[in-house]
Amino acid sequence: MSLLVQAIWALVAQLKSRLAQLKKRHNFHRLPIEVLTEVFSHAARKGYADHCYYRQLARLSSVCTFWAGVIRHAPTLWTTIHARNEPRLIEKMITRSGNHPLLVYASGRGCNCNPPQPLEPFLKLLRTQAHRWQAAEFVVDNPRDDRYLQKYLTDTSAPQLKKLYVSVDEGYNSGNTAAIDLFRRGAGNLEELKLSGVAVPWTSALLSRLRILRLSHLNSGAALTTSGFFNILEQCPDLSELQIRHCRVSESDASDLPDQLELTHLRRLDVEAITPPISACMILSRISSPEFERFRFISDSGSATDDVLKNLSHLVPSLVHLVASARNVGLRLDDDGYRFDTLFGDPWMEHRYRPFELEISHISASPWAVLDWVTAHFGDAMKDVATGVDIFKRSLSKRDLAALGRIPLVTSLDLIGKSSQVLHFLSTSTLINGRDCWPLPHLAKLSITGHTHDPNMILHMVQSRYGHTLESKEAKSKARLPSPLTLLTICEDENNMYSGIYWGISEIVGRNRLRWYVDDEDYLETQFGI
């Protein structure tokens, strides 16, 4: 028995020695408490919804008593409070957070690890701490919670509140709620306000220090007027970002509107699907800023193209630098409308940044008018910027094609359906300013999807641009041949529709520069093992 006891104590001594060595090797516990706190905060939040945050903190606390002590006595780890947390836990959070600013969330979004809790007891508890609120988010999806917001937050003061987000589900709102009267006693430091489906009283007490204003789905009882909208902007002299999407803005008398509203700090403007379309035009034509970092406009389906372009013209000087500094410019012409945008970064990456985005949904102007507008206003800025053009199921006239040829530096072209007119355009040099020139001379990437009336048009286009036809040889003496293609992609829907022209094209372009797909399968690989 004594030998067994001695062996156990020897094993314990070995384990203690090994533990001491590990502690010397891994200095995690020697990190400053502030650093440990940040590590725990990121670890608890990573990949989890806000209301699951404390569940992860509890797991971290179970690792060792030292970690548990750090977590328990770090006030900053207890400042995020969600309505889905149980009332007892919320009371503990309020106590352990000390006097630090609070982040308050009341929404059903995220994962379902905690069941929804009634909103009234949450608001009742948190209202006493409103003086510590730094950010608050309320997502209301039933009339009862709407009433609770009104009841507990109307006569509340939130002097430290910087961010506020209120969303009311349009499904139940139906025009019954015109506005929620919040923080009547003051929230004078508010810098970011986001409203969806609901309005608030547009008073200077809420708006005077706003830097970011985002409005969406303000319809029915929460709808704005154009004069009311400009009244809001006039109360936000420091506004740097404005977003208004899917809102109804009733038209006001032009005499009630400013001729021009200069927002000197405005850097980001995002306007999408405003009804009626005339209101969107009135907004665009009267807002100005010295310089934008991001501009985005997507029209409602009833917008007239020529009206939109006319009302955008005064903003062009503030937008030119976005085009000039972009890596890529994109133009899209399709049977639903027009799109013009710029890209920073690789255009093929999933997370690409679009500093300039203009999309006009309703077609009431010919493509040439849009293309000439782009060239006239942004041509100089685009001359050194690679431009990609997408033509989607759109028939183009000779005038349209001529306007396309005036775009300065088209390096990629994507044709989807109805490509015969463009292929013929690319196959022939034209007279421009008294000189023979090839259209789109810098074209490097060409993609053709769908059928042409005659597949041989593709072969003829390639032969012409490479100087392999009699006509192009004659034209070569007058006009320099265009740049060779670095990538030609052909996608067809039916097997072997274009197979007869494959070898002719591959001999000219080169197999390594040719991508050929039949029914979404690589034709070269399936047919030839290449």
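Axes here are lines fitted to C-alpha atoms, for helices over the stretch in contact, and angles run from 0 to 180 degrees between N-to-C directions. I took helices (H or I, at least four residues) and strands (E, at least two) as DSSP runs, numbered from the N terminus.

**Entry 1: what I am working with.** This is a predicted model, in which local features need pLDDT of at least 70 and side-chain atom pairs count only at pLDDT 80 or more, while totals for chains, interfaces and linings use all residues. Residues are numbered from 1 along each chain as its sequence is written, and side-chain values use heavy atoms, with hydrogens and water left out.

**Entry 2: α5 and α6.** I looked up how helix α5 (residues 87-96) lies against helix α6 (residues 119-127). Their axes come within 11 Å and cross at roughly 15°. That makes α5 roughly parallel to α6 (angles under 35 degrees count as roughly parallel, over 145 as roughly antiparallel, 65 to 115 as roughly perpendicular and the rest as oblique). The crossing is right-handed, a term for the near helix being turned clockwise from the far one by less than a right angle.

I then listed the contact (heavy atoms within 4.5 Å). From α5 it takes Pro 87, Ile 90, Glu 91 and Ile 94, and from α6 Phe 122, Leu 125 and Leu 126. Sorted by class, the contact has 6 nonpolar, no polar and 1 charged residues. For the classes, Ala, Val, Leu, Ile, Met, Phe, Trp, Tyr, Cys and Pro count as nonpolar, Asp, Glu, Lys and Arg as charged, and the others, Gly among them, as polar.

**Entry 3: α3.** Which residues of helix α3 (residues 53-61) are buried? I found Tyr 53, Tyr 54, Gln 56, Leu 57 and Leu 60. Buried means under 20% relative accessible area, exposed over 50%, and partly exposed in between (1.4 Å probe, protein chains only). These residues cover an arc of only 155° around the axis, so they sit on the same side of α3. The arc is that of the directions from the helix axis to the C-beta atoms. The buried residues pack against α2 (33-45), α4 (65-72), β1 (80-82) and α5.

**Entry 4: the loop between β11 and α11.** A cis peptide bond joins Thr 275 and Pro 276, with omega about -10°. Ala 273 is found in this loop too. Its phi is near 50°, a positive value in a residue other than glycine. Ala 273 counts as buried, at 15% relative accessibility.

**Entry 5: His 246.** I looked up His 246 in the loop between β8 (241-245) and β9 (249-250). Phi of His 246 is near 50°, again positive in a residue other than glycine. His 246 is partly exposed, with a relative accessible area of 34%.
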